[in-house]
Amino acid sequence: MLRALRRHRVLPGFGLTLGFSVFYLSLIVLIPLGAAFLKTFTMSWDHFWTTVTSARALASYRLSLGASMIAAATNTIMGLIVAWVLVRYEFAGKRILDALVDLPFALPTAVAGITLTAMFAGNGWLGSYFESLGVKVAFTRIGVVVALTFIGLPFVVRTLEPLLQDLDPEIEEAAATLGANRWQSWTRVIFPELLPALLTGFALAFARAIGEYGSVVFISGNMPMRTEITPLMIMTKLAQFDYAGATALAIAMLAMSFALLFLINLLQWWSRARYA
Amino acid sequence: MNVMETLGSRSIKLRRGTSGRLTEPAWIKVLLIGVAMLFLAVFLILPLLVVFTEAFKKGIEVYFASITEPDAAAAIRLTLLTAAIAIPLNLVFGLAAAWAISKFDFAGKSLLVTLIDLPFSVSPVISGLIYVLLFGLQGWLGPWLQAQDFKIIFAIPGIVLATIFVTFPFVARELIPLMQTQGSEEEVAARVLGASGWQTFWRVTLPNVKWALLYGVILCNARAMGEFGAVSVVSGHIRGLTNTIPLHVEILYNEYNSAGAFAVASLLAILTLITLVLKSLIDWKAKIHAQFPDEVAGGRSYEH
């Protein structure tokens, strides 16, 4: 390490920039997060456990995880189609659509929330159609999935696009020359190349969906046990000044999302080892 | 010309021989484009149309009244103030972190990179909660702050802190990968030729990363002005005092003032559209820069 420092000594500012970065990171992120973790130690284990395993909390985990899973899976399939179409085909309006894919990143979640609610409410542009089919979207669990699908939309598309652009056409040509039909080269040559990126996109969309609050809170109706997601339950506890309860749920949620991210990373590692 | 044309048509004929195997049948193409367009229309285009239709539902006068009334104006001022504090701080941090990470080797570098991304994997609600636990009345520093008569939670400092937290990685994560691939040869050359550290930074590093920097700032700004969950936890929702634009939208919406809520929301939607246009412009500029780096760099150095 010393040798490395000496080698780069021609450039100044190492101490200053690293010192400031670590100081600022600690001040804004690490110390507050650490303090939150420490706060849980001020409550007894029994209290913690009854809070995080209460029936209402369990129902909220089921909804949060289930709806995030469905939304991320939808985005994986649709994102693959959208990325493929945007990279491989030419059609009118393609560049505008491509730029619009980032809309869910840039649109404030509260705006997304009230807009999707207006669209899918019983008297909304799409809601009235669904209502006539007997399906209620807004203020049900389907509404939660719709909101989470919206906010997760860009992840898979944006992870796949650069990969599809760089995909060497020669491997497809080679497959065709060797007698593969289009379906075979797609499933055996192209898809394995895309699989790790698909899993990454899925993981990003899923992680984002679990923590999402703003867009869901308007469309879900927020009924405890039925349409209450975990972040909302934390919010409710805070509004009742139950800080210990809110912290316990937050820790449970952090643990779940870190565990899932770890699992998905393992899966990615496996798919890379298998197909690369 | 004739030779070129014959060559061209020949290669097209050659390609046609295997084209059935190299592209999908036309009906699948049309089907896929149709499915993609329907999905994007429902999730991207319709919501934009809905925001503006709902905003103008009660007429243009209600629209302008909603965005100019004192509480809305106060919310707009607070949002601008918050962004004006959060963005420069995260910008300086992003530059410092990217400089340290890309120009030097040190132990724990990959840990630092991981930690910088941490705020992205934390739910917005939890981002706000951690500051309540630190500075709130029941938090670690709450009683001391109360003795000093200084409020952070349910006041503007808390809103600024929560916003800094959620926008923390934006600039850094745009700069770090770019500056790592660019290496430090140009900076070393500048130093060897006698430039000071600051001259090297201003004349060599900054021009090389300006598009990525701008990109990060634009995304940071969009999130800073639009953040809802984290700010909602720490704000206390005091009208005219601690309401940002997204919180004002929520209040109006919950009061069944739909036209007012969408009118104020349309301001954020316009900001989003501006963000997307700027982002596309920068993508395009960066692509040109990547294709003809010498011409662009040469043009600049001869001008001055």
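I looked up B:Asp117 and found it partly exposed, with a relative accessible area of 25%; buried stands for under 20% relative accessible area, exposed for over 50% and partly exposed for what lies in between (1.4 Å probe, protein chains only). This is a predicted model, in which local features need pLDDT of at least 70 and side-chain atom pairs count only at pLDDT 80 or more, while totals for chains, interfaces and linings use all residues. Residues are numbered from 1 along each chain as its sequence is written, chains are lettered from A and ligands numbered from 1 in the order in which they are written, and side-chain values use heavy atoms, with hydrogens and water left out.

I then noted that B:Asp117 and B:Arg173 meet in a salt bridge (3.0 Å, N to O), that is, a side-chain nitrogen of Lys or Arg within 4 Å of a carboxyl oxygen of Asp or Glu. B:Arg173 counts as partly exposed, at 38% relative accessibility.

I next examined B:Glu187, which forms a salt bridge with B:Lys103, the closest N and O atoms being 3.2 Å apart. This pair links distant parts of the chain, with B:Glu187 in helix 10 (residues 185-192) and B:Lys103 in helix 4 (residues 70-103) of chain B, 84 residues apart; helices are DSSP runs (H or I, at least four residues), numbered from the N terminus. I recorded both residues, B:Glu187 and B:Lys103, as buried.

A:Glu90 is exposed at 68% relative accessibility, whereas A:Lys94 is buried at 13%.

Finally, I searched the whole structure and found 18 salt bridges over all chains.

Technical notes: Helix = DSSP H or I, 4+ residues; strand = E, 2+ residues; numbered from the N terminus.
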